[in-house]
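I am opening my notebook on a new structure today. I will write down what I look up, one entry at a time.

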Amino acid sequence: MASGGPGGQTAKRLWELDAVRGLMLVLMTFTHLPTRLSDPTGQPFGFVSAAEGFVMLSAFMAGMVYTARERREGADAMRGAFFKRALKIYACQIALLLFLLTVVAVMGILTGQDAIINLIGFYLDRPLAAFFSGLLLIYSPPLLDILPIYIVFMLASPLLLLHGLHRGWGGILGLSLLMWLAAQFDIGRVIYEGVTAIAPIPVPYQQTGSFEIWGWQFLWVLGLWLGCMQAEQPDAPPTVFPRWMVNAAIGIAVVGFVWRHAIGQTPFPGQPSLAPLFDKWTLGPLRLMNFMALLLLAMHFAPWLRRHLPRLPVLETLGRASLPVFCAHLVLALVALALAGDVQPERPYWVDAAIVLVSFPALYLVAWVSGELDRRTAEKRAALKKRLSRKPRLAAAGADAGSGAGPMASVSAMPPTSTPASSATPPAAAEPAAPGPSLAPTLAPARPRPAADAG
């Protein structure tokens, strides 16, 4: 990952962010693998899942890195970098979709696993509509519904960053908060049904993905803003929150933690009318409050944690390769669902253990290979950049030699020296080194060389 601040200062502080992102990937993997560990490891810190933390951290890193790039190379370079990243994520989404609709679908049908058959039910009913709408990111089956909103966020981020950098973030944050509020009233469904009334889309709204983009965009915008501020002031002291605010955050976090582990992942059992308050897909108000409390505490205690907690290279390795590891964990979860089915209390414990023991080494291997490929690619780019930087210097040296500013100029300027009579040097070689016909080709202006021969 490129440094996030001027002079690479921010790069020294990225290890803890990579470690936290690696932790989020571990928690997501535990949640999505169909084992008995799925429930206890889901939302372990309260009514907040790993997805919220992962989106926030990704936005923070994007804001930090791409703001620094805009300052170094300009807006066009920043836009291009965002577009390339969005294109890479799109390629990952399409690869996962094809894997699901071919390999996993065949495995699930052959094994008769209801988990897979239900997951791809729309595809089995309308295969062509599902396939082509999936390519357009409209059809998003479960587990494959987060990357499409990432792509939208990546494409919108250059506009947000440039507006924030040059006109301030107040309006952007206010509008983002209003959009989140509208998501609580199902604005996404209203807009989708309005669009389909004009241009019929053969994909039911519930098949477009569980994550409500109008709600989750708030986390992305918030993270983008924080990352931009970090890049603009990489050496700024940590934010100091008022004591009352820290105490309130501690209270909310403790209540959320105890409530989640005492009641379970459903905060209001038997009262579905209250479920939207903690709804994950629209980022309900109480869930957002729980998340903001944890975020404030993480920022407040970050310096202490950085000094006292040991570094975990495994998590850092996973976090640095977040996109490949995220895709790999989905592949593993889908294969496990196709072979072993959903979580089953009667399943032997060794099956769950085998799923976990195979999955996590596989994720680390993916992260390690990805890191090695990135390192070698960076070395090749650095070597190429070094070679290209030498060409102008060599071309300039050639031009100097051709114009008489090189070593031959000093030779031609030397006064003639007398040759002793006893010298055995032939008369032609003993003549003064004055300019003459024999030196004309050397002292004539150098002809431009083709670019392929430069250097």
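**Entry 1: a patch on the surface**

I began with Phe301, which lies in helix H13. I kept in mind that this is a predicted model. Is Phe301 buried, partly exposed or exposed? I looked up its relative accessibility and found 34%. Buried means under 20% and exposed means over 50%, so Phe301 counts as partly exposed.

Next I looked for its partners. Phe301 belongs to a nonpolar patch on the surface, together with Ile250, Val254, Phe257, Val258, Trp304, Leu305 and Leu309. Together these residues have about 690 Å² of accessible area. Which helices supply at least two residues each? I noted helix H12 (243–263) and helix H13 (285–308). H12 gives the largest share of the patch, 4 residues.

I moved on to helix H9, residues 170–183. H9 has 14 residues. From its first C-alpha to its last it reaches 20 Å, close to the 20 Å expected at 1.5 Å a residue.

Which residues of H9 are buried? I listed Ile172, Leu173, Ser176, Trp180 and Ala183. They cover an arc of only 95 degrees around the axis, so they sit on the same side of H9. An α-helix has 3.6 residues a turn, so residues three or four places apart point the same way.

Then I checked the face turned away from the buried side. That face of H9 carries the exposed residues Gly170, Gly171, Leu175 and Leu178.

What covers the buried residues of H9? I found that the cover includes helix H8 (147–167), helix H10 (187–198), helix H11 (213–232) and H13.

**Entry 2: helix H3**

H3 is mostly covered, with 20 of its 24 residues buried. I also looked at what follows H3. Gly74 comes next, and its phi is positive, near 105 degrees.

**Entry 3: one serine**

My last stop was Ser359, found in helix H16 (residues 349–402). Is Ser359 buried or exposed? Its relative accessibility is 4%, so Ser359 counts as buried.

I then looked up its contacts, leaving aside neighbours within four places in sequence. Ser359 is in contact with Leu33 and Leu332.

Note on methods. Residues numbered from 1 in each chain as written. Predicted model: local features only at pLDDT ≥ 70, side-chain atom pairs only at ≥ 80, totals over all residues. Heavy atoms only, no water. Buried < 20%, exposed > 50% of the residue type's maximum accessible area, 1.4 Å probe, protein only. Contact = heavy atoms within 4.5 Å. Patch = residues over 30% accessible without salt bridge, like charges linked within 9 Å, V, L, I, M, F, W, Y side chains within 5 Å. Areas by Shrake-Rupley, 256 points an atom, 1.4 Å probe, with all protein chains shown as cover. Salt bridge = Lys/Arg side-chain N within 4 Å of Asp/Glu carboxyl O. Expected span 1.5 Å × (residues − 1). Arc of directions from axis to C-beta.
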